[in-house]
Every structure is written in structure tokens, then in C-alpha cells.
Amino acid sequence: MSTADRDRWNARYADGAYESRRHPSPFLEQNAHLLPENGRALDLACGAGRNAIYLARRGLAVDAVDISRVALERGRADAGGLPIRWIECDLDAGFEDDENYDLIVNIRYVNLPLVSALLESLRPGGVLVIEQHLANAANVIGPRNPAFRVAKGQLARVATGMIVEQIDERVFDDPDGRRAALARLVARRPSAGRAS
């Protein structure tokens, strides 16, 4: 992203964007039984940290990454003393860290090459959770620019070599009652010695 993109996201959060979205992603909650109960998690494009806070309350240490300093400050204030490391980073330029993760979460930020590269840092048995806007002709919410939507089958390709726990691509009702075309995936990296 450019400096203009960073400024735009900071302005949106400063103006109260997503203020009412304090609840975690429903998809993340619905799959809580598949998530690790401890270890480290990475929340990509975390915004104000609603998913990072949910994961930290469940017992995970979380690296929450976003381009918006304003969003991260809001998340830090909401999180109190939870074990969350707030990282300001332009994910379009990549993300490198020496950490290994038990969980990687990517909710509605499209950068599948980055996710694919980060799978190397997912520990054996670690879980990947992705929810993206799906390319769809229906009258749905979300970005109009096709660059910010994934095509059917793209998430399955990201999970090549992983154990797919769930994959679903269709129109859903968002918590606010609006319709959203979404591609959703939960996949697990095979444990050492286990065939995929």
C-alpha cells in the first residue's frame, strides 16, 4: 500500500469506522473447536483487533498486524493487559518475523501470496483460518474492485498439502443482516510424520 492508503485507513478509523464491530468474526467463533487452546497466533490485517482480542482471551499469545496506527491504538486500549503484540506494518510489502505460529488468521484482507509464504511459519498441526470476499455477481456487500475478491477455488490452492477441515464458498448473511459472498477455509498443517 502507499502512504495514501495508510493515511486513508488511519482517517477511517479516526472517524469511527468499524466502531460497532467489537465481536470476533462469526466464522472464527463457529470454528473455535478447531483452534489451538494455547501457543502463538498471527492475525493479519487485524484492524482494531477484535479477533486478536478474542484469541488472546482464549489463551493464545497474538501478533496483531495492521497498516493503521489508529486501529492498532484502539485495539491496544480495548485489550488491556492481554498478551497481544501490536505491529504496524504494510502487509502489501510483506511481513517477516522470526516467530512460528500455531494459528494464522486472515479475515477479509486479500494477499494470498503473503499467506502462502507465511505457511512456512505455521507449526506442524497449526491451523490456518481464512475468510475472503468471493468474486460473485450477486448484489452483496464488500469491495467492488475485483482485486479485493478471490475467485472460487483460490483458497483451496493456498491450502495445497494441508488437511482441509472446512471450505465453503457461497453467499452468507453477515451479522448485521446484509448479504456477503464469502470464501471460507479452515485447514491444518499436517503433524510431523503424518501424511496429508
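Buried means under 20% relative accessible area, exposed means over 50%, and partly exposed lies in between (1.4 Å probe, protein chains only). This is a predicted model: local features need pLDDT of at least 70, side-chain atom pairs count only at pLDDT 80 or more, and totals for chains, interfaces and linings use all residues. Residues are numbered from 1 along each chain as its sequence is written, and side-chain values use heavy atoms, with hydrogens and water left out.

**View 1. Cys46 and Cys89, two cysteines in no disulfide.** The structure holds zero disulfides (a disulfide is a pair of cysteine sulfur atoms within 2.5 Å). For Cys46, the nearest cysteine sulfur is that of Cys89, 11 Å away. Cys46 is buried because its relative accessible area is 7%. Cys89 also counts as buried, at 15% relative accessibility.

**View 2. An open sheet of seven strands.** The strand order is β3-β2-β1-β4-β5-β7-β6, and the pairing is mixed. Two strands pair if DSSP finds at least two bridges between them. Strands (E, at least two residues) and helices (H or I, at least four) are DSSP runs, numbered from the N terminus. β3 (84-88) and β6 (163-173) stand at the edges of the sheet. Each has a single partner strand, so one side of each is left without a neighbour in the sheet. Neighbouring strands are turned by 10 degrees against each other on average, direction ignored. Axes are lines fitted to C-alpha atoms, for helices over the stretch in contact, and angles run from 0 to 180 degrees between N-to-C directions.

**View 3. The pairing of β4 with β5.** Strand β4 (residues 101-107) runs parallel to β5, with six bridges between them. Val105 has Val129 of β5 as its bridge partner. In a regular strand, side chains alternate between the two faces of the sheet.

**View 4. The β-α-β unit of β2, α4 and β3.** The unit is right-handed: with the strands pointing away from the viewer, the path from the first strand over the helix to the second runs clockwise. β2 and β3 run parallel, joined by five bridges. Asp63 is bridged to Arg85 in β3. Helix α4 (residues 69-79) lies across β2 (61-66) and β3, at about 170 degrees to β3.

**View 5. Phe148 in the loop between β5 and α6.** The loop links β5 (122-133) to α6 (154-158). Phe148 is partly exposed, with a relative accessible area of 46%. Phe148 touches Val110, His133 and Pro143, not counting residues up to four places away in sequence. Contact means heavy atoms within 4.5 Å.
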